[in-house]
Amino acid sequence: MLKFTEEHEWLKVEGDVATVGITAHAAEQLGDLVFVELPEVGASFSKGDDAATVESVKAASEVYCPLDGEITEVNEAITADPALVNSDPMGAGWFFKLKLKNVSDLDGLLDESGYKELIG
């Protein structure tokens with residue numbers, strides 16, 4: 001199942017774990033990424049908390065935690081090579097895996113057609 005936030009994060013959900021990254025639209029808006037800071041494994045976040053930071057040649061931006069949960073894994077490959085986020089934002093450029101506190105909270109997020117409508 002694929003879900004999106006209005007802040008341009010995507011979630012690929014398998015059971016109660018969501019792989020989280022930023023959308024192609026967000027990566028395009030940011031431009032070439034030069035730095036990524038990821039959360040620590042084991043850290044707990046609430047929906048809307050700053051979970052990661054990205055810096056591009058244009059700007060710095062936060063990646064928000066899309067739902068309440070605990071970080072179970074981070075993608076170290078993007079800290080070594082932030083360009084992975086630009087080249088494959090919804091694949092190899094994922095940021096972290098989040099064990100969801102309440103799977104039912106997914107209902108409040110956008111589906112793909114809703115996200116496409118949001119970005120026009």
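**Sheet and salt bridges in a predicted model**

Visitor: Which residue in strand 9 stands opposite glutamate 70?
Guide: In this predicted model, strand 8 (residues 69-74) and strand 9 (residues 96-100) run antiparallel and are joined by 5 bridges. Within strand 9, the residue opposite glutamate 70 is lysine 99.

Visitor: In what order do the 6 strands of the open sheet lie?
Guide: Strand 1 (2-4) and strand 5 (44-45) each have a single partner strand and stand at the edges, so one side of each lacks a neighbour in the sheet. The pairing is antiparallel, and the order is 1-2-3-9-8-5.

Visitor: With which side chain does that of lysine 99 meet in a salt bridge?
Guide: The N to O distance of this pair is 2.4 Å. Lysine 99 belongs to strand 9, and its partner, 83 residues apart, sits in the loop between strand 2 (9-14) and strand 3 (17-22). Lysine 99 is partly exposed at 38% relative accessibility. The partner is aspartate 16.

Visitor: How many residues apart in sequence are glutamate 73 and lysine 97?
Guide: These two residues form a salt bridge, with their closest N and O atoms 4.0 Å apart. Because glutamate 73 lies in strand 8 and lysine 97 in strand 9, the pair ties together parts whose separation in sequence is 24 residues.

Visitor: Is lysine 116 buried or exposed?
Guide: Lysine 116 meets glutamate 112 in a salt bridge (3.9 Å, N to O), and the two are 4 residues apart in helix 4 (residues 112-119), about one helical turn. Glutamate 112 is partly exposed at 40%. Since the relative accessible area of lysine 116 is 52% and the cut-off is over 50%, lysine 116 is exposed.

Conventions:
Residues are numbered from 1 along each chain as its sequence is written. This is a predicted model: local features need pLDDT of at least 70, side-chain atom pairs count only at pLDDT 80 or more; totals for chains, interfaces and linings use all residues. Side-chain values use heavy atoms; hydrogens and water are left out. Two strands pair if DSSP finds at least two bridges between them. Buried means under 20% relative accessible area, exposed over 50%, partly exposed in between (1.4 Å probe, protein chains only).
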